[in-house]
Amino acid sequence: KEKIDSAAKILFNARLKTSSLEILPVDCIPKNDKEAYLIQDSLTNLYINQFNAKIIGKKVGCTNKKAQQQIKVNKPFYGNIYSSFSSNSKCNLDRKLFIKPHIEPEFSFQLNSRIDSIKCPITLNQTYDLIEKVIPSIEIVDSRFNDWTSIGINNLIADNGANAYWIKSKKDYNLNNVNFNNHIVKVFINEKLVEVGNSNNVLNNPLNSLRWLLNTLLKERKYLQKGTYVSTGTCTSAIPVSKNDIVIADFDSLGIVELQLK
């Protein structure tokens with residue numbers, strides 16, 4: 001436990017100081033995903049105590065082949081979304097809050113009930129029935145590791161899945177409005193189109209990402225509350241952003257999500 005808490009403090013201080021790490025001390029490096037999630041849990045306690053933060057959701061990472069290739073990971077993982085590090089669309093964020101920020105346009109879902117009594121594995125139809133609304137969103141990923149593309153999945157999990165911030169649309173939508181098998185998302189930076197993605201890049205359908213998370217958490221006896229948000233993973237590659245960039249993720253019929261780094 002001392003080594004787990006020590007690793008969490010190192011990652012937390014790196015976030016506070018916006019200074020990157022080469023690697024954790026050898027005796028603090030998680031050897032498997034169980035140890036990695038224990039570090040993530042310890043890190044969460046620091047966020048809650050330091051920032052009076054609440055966990056409002058979960059992020060799923062590496063649900064996209066491009067993203068997996070970027071960071072040399074071949075399976076999904078999850079982290080937390082905190083109230084203290086989330087905003088509505090059209091927010092201005094201080095670039096100094098981040099080390100090497102990248103943006104990811106993501107379909108997020110809000111749950112309509114507490115997830116605890118359902119028998120695992122949850123089916124796709126059950127997953128669909130558990131969703132209250134779909135919400136266009138942008139996740140800012142920003143690992144506390146200097147070379148986050150090669151540190152491996154366990155370090156990324158420990159670092160809260162490299163989550164740094166979450167920005168959601170001011171509007172939410174009914175599921176019937178969306179064909180998740182084929183929904184285009186365009187990313188503009190300073191009015192220039194930089195990448196076109198699709199919902200089917202997210203495990204073929206973002207509902208599969210949500211289903212994976214729910215089944216994973218149920219196996220771990222971790223239960224999500226009614227109203228929890230789940231950001232399901234990027235529709236594009238992770239796109240680097242810089243100071244003064246104006247970012248727009250255009251979700252077509254679901255509108256846009258916008259932010260600016262000051």
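Reader: In which loop is Pro 121 found?
Author: This is a predicted model, in which local features need pLDDT of at least 70 and side-chain atom pairs count only at pLDDT 80 or more, while totals for chains, interfaces and linings use all residues. Residues are numbered from 1 along each chain as its sequence is written, and side-chain values use heavy atoms, with hydrogens and water left out. Helices (H or I, at least four residues) and strands (E, at least two) are DSSP runs, numbered from the N terminus. In these terms, Pro 121 is found in the loop between E5 and helix H4 (124-129).

Reader: What is omega for the peptide bond from Cys 120 to Pro 121?
Author: Most peptide bonds are trans. The bond from Cys 120 to Pro 121 is cis, with omega near 5 degrees.

Reader: Is Cys 62 buried or exposed?
Author: Cys 62 lies in the loop between E1 and H3, and has a positive phi of about 60 degrees although it is not a glycine. Buried means under 20% relative accessible area, exposed over 50%, and partly exposed in between (1.4 Å probe, protein chains only). Since its relative accessibility is 7%, Cys 62 counts as buried.

Reader: And what about Asp 252, buried or exposed?
Author: Asp 252 also has a positive phi of about 60 degrees without being a glycine. Its place is the loop between strand E12 (246-250) and strand E13 (256-261). With a relative accessible area of 57%, Asp 252 is exposed.

Reader: How many helices and strands does the protein have, and what is its radius of gyration?
Author: The secondary structure comes to six helices and 13 strands. The radius of gyration is taken over C-alpha atoms, and the globule rule (2.2 Å times the number of residues to the power 0.38) gives a value to set beside it. For 262 residues that rule gives 18 Å, so the protein is as compact as a globular protein of that length, with a radius of gyration of 17 Å.

Reader: What share of the residues is buried?
Author: The C-alpha atoms fill a box of roughly 50 × 45 × 35 Å, taken along the principal axes. Of the 262 residues in the protein, the buried share is 53%.

Reader: Which residues lie closest to the centre of the largest cavity?
Author: On a 1 Å grid over the protein atoms alone, a cavity is a set of points where a 1.4 Å probe fits but cannot get out, and a pocket is an open set with protein on both sides within 12 Å along at least five of seven lines; lining residues have an atom within 4 Å of a point. Grid points are joined across faces, edges and corners, and a volume is the space filled by probe spheres set on the points. A search of the whole structure finds one cavity of 30 Å³ or more, and the largest cavity holds about 160 Å³ of space. It is lined by 20 residues, the closest to its centre being Gly 61, Cys 62, Ile 71, Phe 77 and Glu 104.

Reader: How many charged residues line the largest cavity?
Author: Among the elements that each supply at least two lining residues are E1 and helix H3 (65-71). Ala, Val, Leu, Ile, Met, Phe, Trp, Tyr, Cys and Pro count as nonpolar, Asp, Glu, Lys and Arg as charged, and the others, Gly among them, as polar. The lining has 10 nonpolar and six polar residues, and the charged ones number four.

Reader: Which residues lie nearest the centre of the largest pocket?
Author: The largest pocket contains about 240 Å³ of space. Helix H2 (33-51), strand E1 (55-61) and strand E2 (77-82) each supply at least two residues of its lining. Of the 16 lining residues, those nearest the centre are Ile 55, Lys 58, Asn 80, Tyr 223 and Leu 224.

Reader: How are the rings of Tyr 37 and Tyr 78 arranged?
Author: Rings of Phe, Tyr and Trp (its six-membered ring) pair if their centres lie within 6.5 Å; planes under 30 degrees apart count as stacked, over 60 as edge-to-face and the rest as tilted. The count comes to 13 aromatic pairs. The centres of Tyr 37 and Tyr 78 are 4.3 Å apart and the planes are at 20 degrees, so this pair is stacked.
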